[in-house]
Amino acid sequence: MFPLQVNKKMGIITGRTKIVGVFGYPIAHSLSPHMHNAVFKELNLDFIYLAFEVKPENLSSAIKSISALNMYGINLTIPHKEACLPYLDEITKEAKLIGAVNTIEVRHLGSRAVHLSSQSSGQVRLIGHNTDALGFIRSLKESKISIKGKKILLLGAGGAGKSISFALALNNANEIYIVNRTLEKAKILAENLKKKLNFKRVSVISFEHTSLKNIMKTTDIIINATSAGMKNQDSVPVPVDYLNKKTIVYDLIYNPATTKLLKLANEKGCRTFNGESMLVHQGAIAFEIWTKLKAPVNLMRKALRKALNV
Ligand code: NAP
């Protein structure tokens, strides 16, 4: 830990205020400013978190602006998590494996003192991290759930599905079954797990395949990383009739807080989780990367719930 400058009159932005934020398109819906600004205020840290609407064609100039404007760190969300890779100076091992970055750390070459100064003019390196995967694992740990040795059914092979699948393999899942509407994407993901991690216990099945119901009956954890159930709240990605009550059901969606999948799984007697905790933890890890302070996770959760009205 190091002494960060505090602003005794928080809420007043000065020439010393450090800027962090998120690049995305669209971005107005982002809940990250609520979580981070609540923490900065509570801890009296002279930081502000802003949401920047960055169109895909402007991503490269937006990333250049991080050092040009002496920003302190940036989150990336849809559609920039993969597109940003060529513009970064370094990418952590996990982010490279996953092929997606959601947090940029601005590392100043030279002394910490230079880093902390708002007058910093030293050289900087932009380091790409993926806090989604670790955020997911921390959210499970919080509920004392381990991935090790588990049979897991992963629904979805988009950005989130990719991060989760690597987190599962890196945390020694026993078997991973990936289901995706576009089967080809699930196949590519499974191949990547095999090639990049030498993780062989991965299979791909279609939503329509008859073996899905048997897998559902015997799986330890089902993770929904599709957006089914988010906008169309009647949509359920898998036939819940085959759910076993011993199965843990984790839906990455956090808004609505209870998707139809989670409601039906609850009725079956399953232990269920929504995406709130993962969202909080991925933000908490980004906070820690930027400030080197331990994140007040519960405070971030409270701010998120307030923003979500739950
Ligand atoms: P994405 O890259 O756009 O991927 C969307 C995924 O959902 C793809 O697998 C897509 O299948 C599938 N899908 C979409 N509509 C579907 C439908 N009607 N039926 C079945 N599958 C459908 O998005 P993402 O970033 O991976 O996000 C996926 C979900 O995770 C979103 O709900 C997002 O809010 C949530 N998420 C939560 C957190 C968190 O911190 N809690 C973090 C990231 C994402 P195709 O490949 O066939 O299109």
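Trainee: What is the volume of the second largest pocket?

Mentor: Happy to start there, and do keep in mind that this is a predicted model. The lining of the second largest pocket includes H34, N37, L299 and K302. The space in this pocket comes to about 270 Å³.

Trainee: Which elements give two or more residues to the lining of the second largest pocket?

Mentor: Look at the names in the lining: H34, N37, A38, K41 and E42 are there, along with L299, K302, A303, K306 and A307. By class, the lining has 4 nonpolar, 2 polar and 4 charged residues. The elements that give two or more residues to it are helix 1 (32–42) and helix 11 (297–308).

Trainee: Is helix 1 oblique or parallel to helix 11?

Mentor: Start with the geometry: the axes of helix 1 and helix 11 are 8 Å apart, and the packing angle is about 130°. Angles under 35 degrees count as roughly parallel, over 145 as roughly antiparallel and 65 to 115 as roughly perpendicular, with the rest oblique. An angle of about 130° therefore makes helix 1, relative to helix 11, oblique.

Trainee: How many nonpolar residues are in the contact of helix 1 with helix 11?

Mentor: On the helix 1 side you will find H34, M35, H36, A38, V39 and E42, and these meet L299, M300, A303, L304 and A307 in helix 11. The crossing of the two helices is right-handed. By class, the contact has 2 polar and 1 charged residues, and the number of nonpolar ones is 8.

Trainee: What is the handedness of the crossing of helix 5 and helix 10?

Mentor: Helix 5 (residues 131–142) packs against helix 10 at an angle of about 120°, with the axes 7 Å apart. That angle makes helix 5 oblique to helix 10. Residues in contact include F136 and R138 in helix 5, with H281 and I285 among those in helix 10. The crossing of helix 5 and helix 10 is right-handed.

Trainee: Which residues are the closest to the centre of the largest pocket?

Mentor: The largest pocket has a volume of about 1,600 Å³. Of its 46 lining residues, the closest to the centre are I78, K81, A160, S227 and M230.

Trainee: How many charged residues are in the lining of the largest pocket?

Mentor: Strand 3 (73–76), helix 6 (159–170) and helix 10 (276–291) each supply at least two residues of this lining. Sorted by class, the lining has 22 nonpolar and 18 polar residues, and the charged ones number 6.

Trainee: Which residue does a cis peptide bond join to I78?

Mentor: I78 has already come up, as one of the residues closest to the centre of the largest pocket. Omega of the bond is about 5°, and the partner is P79.

Trainee: Where does P256 lie?

Mentor: P256 also takes part in a cis peptide bond, with N255 as its partner and omega of about 15°. As for its place in the chain, P256 lies in the loop between strand 11 (248–251) and helix 9 (260–268).

Trainee: What is phi of N198 near?

Mentor: N198 is found in the loop between helix 7 (183–197) and strand 9 (202–205). Its phi is positive in a residue other than glycine, with a value near 60°.

Technical notes
Residues numbered from 1 in each chain as written. Predicted model: local features only at pLDDT ≥ 70, side-chain atom pairs only at ≥ 80, totals over all residues. Heavy atoms only, no water. 1 Å grid on protein atoms, 1.4 Å probe; cavity = no way out; pocket = protein on both sides within 12 Å on 5 of 7 lines; lining within 4 Å. Points joined across faces, edges and corners; volume = space filled by probe spheres on them. Helix = DSSP H or I, 4+ residues; strand = E, 2+ residues; numbered from the N terminus. Nonpolar A, V, L, I, M, F, W, Y, C, P; charged D, E, K, R; others polar. Axes fitted to C-alpha atoms, helices over the stretch in contact; angles between N-to-C directions. Left-handed = near helix turned anticlockwise from the far one by under 90°. Contact = heavy atoms within 4.5 Å.
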